[in-house]
Amino acid sequence: MQEKAERAVHSQLEASAAMLEFLMETDDNIVVMTADLAGSSKLKKIEDRFPDRFINVGIAEQNMISIAAGLAHEGLKPFVHTFSVFSSLRACEQIRTDVFYNRANVKIIGTHCGMSAGQAGSTHFSLEDIGVIRSMPESLLIAPADAVSAAKYIELLSSIQNPAYIRLDRNPVPDLYDENYEAVIGEGKVVAAGHDIAVIAIGEAVAEAVSAQKELLEAGGPAVTVVDMPTIKPIDKGLLSQLSENHSIFLTVEEHNIYGGLGSAVGQAAAELGLGIKLQCIGIPDCYPQGNPISYNRELFGLDCKSIRKAVMDFF
């Protein structure tokens, strides 16, 4: 992991597309699909290089998922792209029945996750997708923290037969990892070690948590642990159990509704394991956020570095 001052920012969408383009050079079974979002999903290079394996179905997300399932049954490897809100909600039935129920080898790339659609507002915010996908049997759910890990998970998913859903931020996010990062299903990563409070985060919130941890140390505050939990289902119960040995408080941070998301997954696992920790969930409360600049909304809902730092200090 790099220090904050050295961290660059890169697009998860561009990194994901670049990895797919690389994989398509040697794997003729990979097919890339979009619902009229080639530009927004950074897929134009793939469309130009591999026109025979690029399918734009138009604004027809339900059809796209069903077509992808059919292609998978013929031995192809479809990677479908659309906004997270449209895949998880508009095509919810098709994902459940055509993909996960049939274990069709379809990889769903949910772009523009959380509130990253900015001014577009609640109709385009994806704040329920984790809860929707996580509740589906046989589902695999991934939310990488940066561009490097996003690309590595795309590479991993191309080599396994399981259907999966991966949510990616619309905008560039700070780098946390280098090319030595290893993507593992069901494994969380401790990116900053401390004690007493474990801040468990996903997506862009991981970088904010790391910055908060660093600022707390520089100010002589508590040394907290920061955990990146890229695989929300299956969640890393072993790591949660290990953390509970010297952390009495778990603080989850996610750009998702507090009901049904990372916090719910952590809480359920902690209860099942009998960990006896205190849990506080930071995320979107029971509301529909308005369209605003992304940084403003993240500060408003306590998802930025300053808010995370304050949430930690409230326990001391």
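**Reading the model step by step**

Modeller: Begin with where it comes from: this is a predicted model. Then take the whole chain before any single residue.

Biologist: How many helices and strands are there in the chain?

Modeller: The chain has twelve helices and 14 strands. Its radius of gyration is 19 Å, close to the 20 Å that the globule rule gives for 316 residues, so the chain is as compact as a globular protein of that length. A box of roughly 60 × 40 × 40 Å, taken along the principal axes, holds the C-alpha atoms.

Biologist: What percentage of the residues in the chain is buried?

Modeller: A residue counts as buried when its relative accessible area is under 20%. Buried residues are 59% of the 316 in this chain. The accessible surface comes to about 12800 Å², and carbon and sulfur atoms account for 49% of that surface.

Biologist: How many positive and negative side chains does the chain have?

Modeller: There are 25 positive and 41 negative side chains, and the centres of the two sets lie 2 Å apart.

Biologist: Now a single residue. Where is E138 found?

Modeller: E138 is in the loop between α6 (129–134) and β6 (141–142). With a relative accessible area of 49%, E138 is partly exposed, because the exposed class takes values over 50%. Setting aside neighbours within four places in sequence, E138 touches F100, R103 and K233.

Biologist: Which residue does the side chain of E138 join through a polar contact?

Modeller: The side chain of R103, at 2.6 Å. R103 lies in the loop between α5 (92–100) and β5 (107–111) and is partly exposed at 38% relative accessible area.

Biologist: What is the phi of R103?

Modeller: Phi of R103 is near 50°, a positive value in a residue other than glycine. D196 is another case: its phi is about 75°, and D196 is not a glycine. D196 belongs to strand β10 (residues 196–201), and its relative accessible area of 33% puts it among the partly exposed residues.

Biologist: Which residues does a cis peptide bond join?

Modeller: The angle to read is omega. The bond between K233 and P234 is cis, with omega about 0°. P234 is in the loop between β12 (231–233) and α9 (237–243).

Biologist: Is Q213 buried or exposed?

Modeller: Q213 has 8% relative accessibility, so it counts as buried. Q213 lies in helix α8 (residues 205–218). Not counting residues up to four places away in sequence, Q213 touches A192, A193, V224 and V226.

Note on methods
Residues are numbered from 1 along each chain as its sequence is written. This is a predicted model: local features need pLDDT of at least 70, side-chain atom pairs count only at pLDDT 80 or more; totals for chains, interfaces and linings use all residues. Side-chain values use heavy atoms; hydrogens and water are left out. Helices (H or I, at least four residues) and strands (E, at least two) are DSSP runs, numbered from the N terminus. The radius of gyration is taken over C-alpha atoms; the globule rule is 2.2 Å times the number of residues to the power 0.38. Buried means under 20% relative accessible area, exposed over 50%, partly exposed in between (1.4 Å probe, protein chains only). Accessible areas come from the Shrake-Rupley method with a 1.4 Å probe; for residues, only the protein chains shown count as cover. Lys and Arg count as positive and Asp and Glu as negative; His and the chain ends are not counted. The place of a charge is taken as NZ of Lys, CZ of Arg, CG of Asp or CD of Glu. Contact means heavy atoms within 4.5 Å. A polar contact is a pair of N or O atoms within 3.5 Å; within protein, one must be able to donate a hydrogen and the other to accept it, and residues adjacent in sequence count only if both atoms are side-chain atoms.
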